[in-house]
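Me: I have a structure to go through. Could you take me over its side-chain features?

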Amino acid sequence: MLRTHTCGELSLADLGKEVKLCGWVQKSRDLGGMTFIDMRDRFGITQLTFNSDDDPALRANARELGREYVIQVSGTVIERASKNLKMATGEIEIKVSQLDVLNSAKLPPFLIEDETDGGEDIRLKYRYLDLRRNPVRNNLILRHTMAQEIRKYLDTENFIEVETPVLIKSTPEGARDFVVPSRMNPGEFYALPQSPQTFKQLLMISGFDRYFQIVKCFRDEDLRADRQPEFTQIDCELTFVEQEDILNIFEGLVRHLFKNIKGVILNDFPRMNYADAMRLYGSDKPDIRFDMKFVEINELVQKKGFSVFDKAELVVAINAQDCAVYTRKQLDELTDFVKKPQIGATGLVYIRYNVDGTLKSSVDKFYTEDQLKAIADKMDSKPGDLILIMAGSVDKTRKQLSELRLEIADRKGLKNKETFAPLWVTDFPLLEWDEESNRYHAMHHPFTAPKPEDMAKLDTEPLSVRANAYDMVINGSEVGGGSIRIFNQDVQAKMFDLLGFTPEEAKKQFGFLMDAFTYGAPPHGGIALGFDRLVSIFAGLDSIRDVIAFPKNNAGRDVMIDSPSSIDEKQLTELSIQIKKKD
Ligand code: ASP
């Protein structure tokens, strides 16, 4: 080995030892006739000293070292005169007797320090340098530790890790597929898995009983901070289980991770059905770190002459505690916020419950103070609070008020990153109506089983059929979802039919699964948790990019390796592909 120790392990217990260390020059400083160098590796930083009085030539060499040079030193462990107790190695230093430069380094394009001066673009271009920084490296170490704990837990629960193929055909998870042309089968394409959904179901039919895989999935959709075209799922499937068993096992997994990694003990996860989540929070992934539940107030405000409320399907409000002090300007900002095109509301009504007990609203013309007080009472408002009201069609208004609720929580600093509020959202609708394609879509995916008691409604009122599907939500972020599956060929055929597949299309795309159902398919169900998202929540980050070693940017590009990129004519010809020239 080129070293006897790492840069993170020597202490007073090692005084007097002759050691050899390797690492990168983090920084260097001169003090009188001495040069001090901080040498860094993955494990920590060790201080090196060079003294002109002892060896002027050696010290002169040390002064030549630049940032990020790779060096090897031999020397003696000595006690530091001025100790730094914040560092693991802060009580010792190495009195260097030999210095070898293993490699020089160009000046990095940004500071390799915890607080860097580099913007995201440059850091992604030089990601290998960014990964030298503690915060980014620590995120990946956290990711590693979580993966180990997940494997441990699932192994104890009798799950078997099985790899499934990457070159497959379309799995409908609601996004576009990435496709790969086949050279050996001209004009034909593989699709990359949006998830291993069909394979894990086949493994259940094979009798594997409990499967898991920490697996890459690929979805071609527009990117956001918490989305990447390739991402990692903790994908699981179980046989002979009911929904309740799955919720318990995976709640157990997440509690195991919180306990062992963060030392946080979580209570039982509350359960909320989809209908309640939408009614009380306007979202199927409610952030329940804070309250501010929706209160529907149609009967208190309609038929009083205010036409906006009168013609609305829903009038719904939240109570922003202690926000009566908001100035005119702040209220205007909130109105502008809900009117942003992404949110699309036409306006916002407020009632200010002043500390002196008087009530003042933006629609005073239509309501007496007593009527305002009745609203405040229904909202459980106290003097000092601010009531915010929105009105319109049910679905849209709920979505808009949900955005406003989150905005108020941001302004009030209620999104504490060290508070963790998990829950299960259950009983999702099986289907949703898609205006654009004018047909039903599976809300989860086409393999999700309807609730047995709703089965009869499949023919009569498909939209009111609930699915045996569930999502795990933490702090307003969907960290996973799954369902009990259809395991009967006829029910699966009916589902494809409802989704608008002709029997021929269904057979072409999923014939293998329908066939498998005829060979003794057991009842089964499963779940997939978003691993990147889970790690980012543990790391207290908003973006999943920082927990991925080599992520893509917002345009789906890897700017370091410059991908995607064009390929040469010869490759295209081999693949029987012609590129249409841009007009
Ligand atoms: N395949 C599903 C998904 O990726 C998860 C599941 O149903 O197990 O969302």
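Me: Before that, what kind of model is it, and how are residues numbered?

Reply: This is a predicted model in which local features need pLDDT of at least 70 and side-chain atom pairs count only at pLDDT 80 or more, while totals for chains, interfaces and linings use all residues. Residues are numbered from 1 along each chain as its sequence is written, and side-chain values use heavy atoms, with hydrogens and water left out.

Me: How many aromatic pairs does a search of the whole structure find?

Reply: The search gives 15 aromatic pairs. Rings of Phe, Tyr and Trp (its six-membered ring) pair if their centres lie within 6.5 Å; planes under 30 degrees apart count as stacked, over 60 as edge-to-face and the rest as tilted. One of the pairs is Tyr274 with Phe428, which is tilted, at 5.2 Å centre to centre and 45° between the planes.

Me: Where in the chain are Tyr274 and Phe428?

Reply: They lie in distant parts of the chain, 154 residues apart: Tyr274 is in helix α7 (residues 274-281) and Phe428 is in the loop between β17 (422-426) and β18 (431-434). Helices (H or I, at least four residues) and strands (E, at least two) are DSSP runs, numbered from the N terminus.

Me: Is Tyr274 buried or exposed?

Reply: Tyr274 is buried, with a relative accessible area of 18%, and Phe428 is buried at 6%. Buried means under 20% relative accessible area, exposed over 50%, and partly exposed in between (1.4 Å probe, protein chains only).

Me: And what about Phe447 and Phe510?

Reply: Their ring centres are 5.5 Å apart and their planes are at 85°, so this pair is edge-to-face. Phe447 is in the loop between β19 (439-442) and α13 (457-460), and Phe510 is in helix α15 (residues 503-517), 63 residues apart. Both Phe447 and Phe510 are buried.

Me: Which residues form one aromatic cluster?

Reply: Phe306, Phe309, Phe366 and Tyr367 do.

Me: Why is helix α16 described as largely enclosed?

Reply: Eight of the nine residues of α16 (residues 531-539) are buried, so the rest of the structure largely encloses the helix. Among the buried ones are Phe531, Asp532 and Arg533. Just after α16, Gly540 takes a positive phi of about 70°.

Me: How many disulfides are there?

Reply: A search of the whole structure finds zero disulfides (pairs of cysteine sulfur atoms within 2.5 Å). Cys217 is in no disulfide, and the nearest cysteine sulfur, that of Cys236, is 11 Å away. Cys217 is buried at 0% relative accessibility, and Cys236 is buried at 1%.

Me: Last topic: is Val355 buried or exposed?

Reply: Val355 is exposed, at 73% relative accessibility, and lies in the loop between β14 (349-353) and β15 (359-361). Leaving aside neighbours within four places in sequence, Val355 is in contact (heavy atoms within 4.5 Å) with Pro383 and Gly384. Val355 and Pro383 are 28 residues apart in sequence and 4.5 Å apart in space, C-alpha to C-alpha.
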